[in-house]
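Me: I would like to go through a protein model with you. Could you show it to me, please?

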Amino acid sequence: MAEQNFIDYVRICCRSGAGGRGSAHFRRDKVTAKGGPDGGDGGRGGHIILRGNRNVWTLLPVRYRKHVIAGKGEDGRENNSTGAFGEDVILDVPLGTIAKDDETGEVHFEITEHGEEKIITKGGRGGRGNSHFKTSTNQSPRYSQPGEDGKEEWKILELKVLADVGLVGFPNAGKSTLLSVVTAAKPKIASYAFTTLTPNLGIVKYRGHQSFVIADIPGIIEKAHEGKGIGHRFLRHIERNAVLLFMIPCDTDNIKKEYDILLNELKMFNEELLDKPRILAITKSDMVDEELKEMLRPELPKGIETLFISSVAQLGLTELKDALWRIINTNREEEE
Ligand SMILES: Nc1nc2c(ncn2[C@@H]2O[C@H](COP(=O)(O)OP(=O)(O)O)[C@@H](O)[C@H]2O)c(=O)[nH]1
Ligand SMILES: [Mg+2]
C-alpha cells in the first residue's frame, strides 16, 4: 500500500436533503364530497451519517466523494400519509475519526466504536400537512407547511490514530528498524497532544484488508523515572486493548533478567500497562543459528509467548504479525 493512500484528513461538502412539503388535501370519496383536511406530513430529508467501521483504516474512500448529497424527502399525501424520508448517505469511516466544522473548527463528535452512527449534517424537517392546522374556527385549512431546506456545509474529518501495539524495549533493541520494515504507511502526527513523548506510528497491513497500528514511543523506558503524569498521557493514545510487544536483542547476556527490568520500568511508568497482554520478540536473530537458539530457549522468561525475529533478514515477521493480530482480535471480540 503506497504511502499516499493513507489519508487522515479530508474536507468534504455535505448537503443534506430538504424535507418534503406537507400536503393540503381534503378527504374525498364516494360518500363524502367535501371531507376534512387529510394532508399528510412531508418526509424528512436525508441525513449525512458517519458510521464507524473497524475494517476501514483510512479516510481515502471519503476523499473521493468531495460532495456528499443526501436525498430529498417526499411530499406528504392524502389520507394523512407521510411522504417517504429522503435517502440518508452513510459514510463508513475508521474508528478514531473526528468530525469538525470547517468554518469554526468546532469538534462535533468522534467515532470510536464499530457500527456507531452519528449524523454530521441533518436532513431538513418535513413540512406538516393541513390536517395539523384544523382549529375550531377553521375546519378546512388550505395551509400546509413547506419542508425545511437541506443544509450545505463544509466539514473536516480527521483521523486520530490509536495504537494497537506498543513497542517496549531499551535503546538499540531494534524498535525503529522493525517499525520501518512492517509499516505500510505513516500517519502524520498533527492532532496528538504528546509533548514529551512523540510516538512514531506505523500502520501495518495485515493479510489484505486488515490493518493495525504500531507505536514506537521513544523514551518510554528512559522516562520511566521522571514524573508520573506522562504515563496517563501516553495511555490516552493507545487503544484500551493494546498489546505490548517487548523487544530484546538475542545477544543480550541475560534475556530473562532484561525482561524483568523492562517489566519493572514499565510498572514505574504506569502500573496499568502491566494489565495489557504482552508478547516477547527476541530481535536480531539473524545473528544466531538454530543451534544457538535452542541453547537460548531455557534462558527465556516463562509465561510469555516468545518469537525469534529479524527485521534485517525478514525472519519471523509473518509469525509476529499473526500473533499480534490474534491477540488484538481476541481483545476486540471480548469487548463486544
Ligand atoms: N543484525 C541485525 N541488526 C539489527 C536488526 N534490527 C535492528 N538492528 C540494528 O540494531 C541497531 C539498533 O536498531 P534500532 O532499530 O535503531 O533500535 P531502537 O533504538 O530500539 O529503535 C541498528 O544499528 C540496527 O541496524 C536485525 O534484525 N538484525
Ligand atoms: Mg529507535
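Me: Where is the place of Asn-79?
Reply: Asn-79 sits in the loop between β3 (67–69) and β4. The model is a predicted one, in which local features need pLDDT of at least 70, side-chain atom pairs count only at pLDDT 80 or more, and totals for chains, interfaces and linings use all residues. Residues are numbered from 1 along each chain as its sequence is written, chains are lettered from A and ligands numbered from 1 in the order in which they are written, and side-chain values use heavy atoms, with hydrogens and water left out.

Me: Is Asn-79 buried or exposed?
Reply: Asn-79 is exposed, because its relative accessible area is 59%. Buried means under 20% relative accessible area, exposed over 50%, and partly exposed in between (1.4 Å probe, protein chains only).

Me: What is the phi of Asn-79?
Reply: The phi of Asn-79 is near 60 degrees, a positive value in a residue other than glycine. Most residues other than glycine have a negative phi. Gln-314, which is not a glycine either, has a positive phi of about 55 degrees. Gln-314 belongs to the loop between β14 (306–308) and α6 (317–335).

Me: Now the whole chain. How many helices and strands does the secondary structure come to?
Reply: There are six helices and 14 strands. The chain has 336 residues, and 49% of them are buried.

Me: What share of the contacts comes from residues 24 or more positions apart?
Reply: Such residues account for 75% of the contacts with a separation of 6 or more. A contact means heavy atoms within 4.5 Å.

Me: Which residues does Asp-149 touch?
Reply: Leaving out residues up to four places away in sequence, Asp-149 touches Ala-18 and Gly-124. Asp-149 is also 7.3 Å from Gly-17, C-alpha to C-alpha, although the two are 132 residues apart in sequence. Asp-149 lies in the loop between β7 (117–121) and β8 (152–159), and it counts as exposed because its relative accessibility is 61%.

Me: Let us turn to charges. How many salt bridges are there?
Reply: The count comes to 16 salt bridges. A salt bridge is a side-chain nitrogen of Lys or Arg within 4 Å of a carboxyl oxygen of Asp or Glu.

Me: Which residue meets Arg-51 in a salt bridge?
Reply: Asp-92 does, at 2.8 Å from N to O. This pair links distant parts of the chain, since Arg-51 is in strand β2 (residues 48–52) and Asp-92 in strand β4 (residues 89–93), 41 residues apart. Arg-51 counts as partly exposed at 27% relative accessibility, and Asp-92 is partly exposed with a relative accessible area of 27%.

Me: Which residue forms a salt bridge with Lys-118?
Reply: Lys-118 pairs with Glu-116, and their closest N and O atoms are 2.9 Å apart. Lys-118 is partly exposed at 30% relative accessibility, whereas Glu-116 counts as buried at 17%. Salt bridges that share partners also join Arg-51, Asp-92 and Glu-117 into one network.

Me: And Lys-155 with Glu-153: buried or exposed?
Reply: Both Lys-155 and Glu-153 are buried. Their side chains meet in a salt bridge of 3.4 Å, N to O.

Me: Which residues of helix α2 are buried?
Reply: In α2 (residues 175–182), they are Lys-175, Leu-178, Leu-179 and Val-182. Seen down the axis of α2, these buried residues fall within an arc of 100 degrees, so they line one face of the helix. The arc is that of the directions from the helix axis to the C-beta atoms.

Me: Last topic: which residues come nearest to ligand 1?
Reply: Of the 14 residues around ligand 1, the nearest are Asn-172, Lys-175, Ser-176, Thr-177 and Asp-286. A residue is near a molecule if one of its heavy atoms lies within 4 Å of it. A polar side-chain atom of Ser-310 is 3.2 Å from an oxygen atom of ligand 1, and a polar backbone atom of Val-312 is 3.1 Å from an oxygen atom of ligand 1.

How values were computed. Helix = DSSP H or I, 4+ residues; strand = E, 2+ residues; numbered from the N terminus. Polar contact = N/O pair within 3.5 Å; in protein donor to acceptor, adjacent residues only side chain to side chain.
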